[in-house]
Amino acid sequence: MSNPGYGKRSAPNQKPPSARDFDHLRPREAAVAAYIDQLPEGADISVKTLAKVLPLGQCAMGTVLRRLQAAGHLHRDGIVVANETQLLWVTRTHFSRTARDAEWWEAFVRGDVPPEARRPTRSRAFILLAALGRAHASLSLSAADCTMLEPQVTEWFERGADENELLHALTAGLPSTVHHAASLVRRRLTDKMPPVRIAPPPPPPAPYGHHTVECRECKAPGPESAMPDGLCRPCRGELMPFAGPPGTVPHDDVSSRVSQVRASMVPRQDRPRGRAGVTIRRRGAQNRTTPPPVTG
């Protein structure tokens with residue numbers, strides 16, 4: 001980059017960049033012009049700086065810049081800049097992707113360059129009519145025909161039709177020979193004009209406090225009234241009420257419920273003895289059979 005206020009200055013009213021901007025130049029000049037074109041504003045594009053970064057010597061680079069100036073892509077003008085202590089002769093360099101002639105550059109330096117006229121934008125209806133000939137050559141229309149039929153196509157669009165519906169209405173079932181494309185298109189636009197389509201009314205707004213919103217932390221949906229400050233209950237650190245079928249134990253209470261069940265169980269040694277002849281097995285003891293009770 002050069003010092004502030006110097007370096008590359010892009011000319012106004014340039015065309016959008018394309019791959020063929022510099023095809024009219026020699027390969028070497030085209031390569032240097034493409035390199036300068038992609039540099040930012042204020043970049044140093046002097047002979048010495050460009051010769052350091054590009055595979056050309058200073059003499060060759062000077063020749064390239066002179067040829068770019070002759071082709072209208074580059075303009076260098078010298079001005080005198082005065083301060084309190086000295087006078088400086090400064091060269092300002094302007095670059096234009098679009099080639100300009102000498103008169104344009106002279107007017108630009110004077111500040112008399114008029115803004116370039118922009119091409120009028122075409123309507124959606126005109127573009128559809130102009131493209132009919134690409135889909136069906138027999139429906140090729142002139143610019144005057146497109147301008148004449150443009151209001152009818154615009155009315156189709158205003159009634160809710162889209163491009164596919166219009167193309168089907170204009171191109172379906174065409175005769176083998178079309179003698180006058182504009183007359184056929186005008187007749188079909190008139191005979192097949194769709195009715196006015198009334199859009200359904202929008203749904204009524206939800207009552208206050210019942211809008212569905214998302215939690216700003218976990219993105220869980222929920223009513224607005226349940227998310228103060230945009231946070232749901234779990235993100236606020238509150239426990240959610242348990243909802244499940246009857247008799248279901250919440251997962252947080254499983255351990256306490258198991259402890260209650262174990263506490264309510266009768267110890268094994270306190271359980272009633274088995275019936276006569278039933279074998280009772282105890283851990284750490286030999287198996288034995290309980291004798292039958294003595295009667296009489």
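Which residues of helix 1 (residues 27-37) are buried?

Reply: The buried residues of helix 1 are Glu29, Ala30, Val32, Ala33, Ile36 and Asp37. They cover an arc of only 165° around the axis, so they lie on the same side of helix 1. The arc is that of the directions from the helix axis to the C-beta atoms. An α-helix has 3.6 residues a turn, so residues three or four places apart point the same way. Buried here means under 20% relative accessible area, exposed means over 50%, and partly exposed lies in between (1.4 Å probe, protein chains only). Helices (H or I, at least four residues) and strands (E, at least two) are DSSP runs, numbered from the N terminus.

The model is predicted: local features need pLDDT of at least 70 and side-chain atom pairs count only at pLDDT 80 or more, while totals for chains, interfaces and linings use all residues. Residues are numbered from 1 along each chain as its sequence is written, and side-chain values use heavy atoms, with hydrogens and water left out.

Contacts (heavy atoms within 4.5 Å) can be followed from individual residues. Not counting residues up to four places away in sequence, Leu141 touches Leu129, Leu132, Cys146, Leu149, Ala181 and Ala182. Ser138 sits in the loop between helix 6 (132-135) and helix 7, and counts as partly exposed because its relative accessibility is 35%. Leaving aside neighbours within four places in sequence, Ser138 is in contact with Leu174, Val178 and Ala181.

Gln152, in helix 7, is buried, since its relative accessible area is 18%. Its side chain is joined to that of Thr190 by a polar contact of 2.9 Å. A polar contact is a pair of N or O atoms within 3.5 Å; within protein, one must be able to donate a hydrogen and the other to accept it, and residues adjacent in sequence count only if both atoms are side-chain atoms.

In strand 2 (residues 74-82) lies His75, which is buried because its relative accessible area is 16%.

Finally, the count of disulfides (pairs of cysteine sulfur atoms within 2.5 Å) comes to zero. Cys215 is in no disulfide, and the nearest cysteine sulfur, that of Cys235, is 3.7 Å away. The sulfur of Cys232 is 3.5 Å from the closest cysteine sulfur, in Cys235, which is too far for a bond. Cys215 is buried, with a relative accessible area of 0%, and Cys232 counts as buried at 9% relative accessibility.
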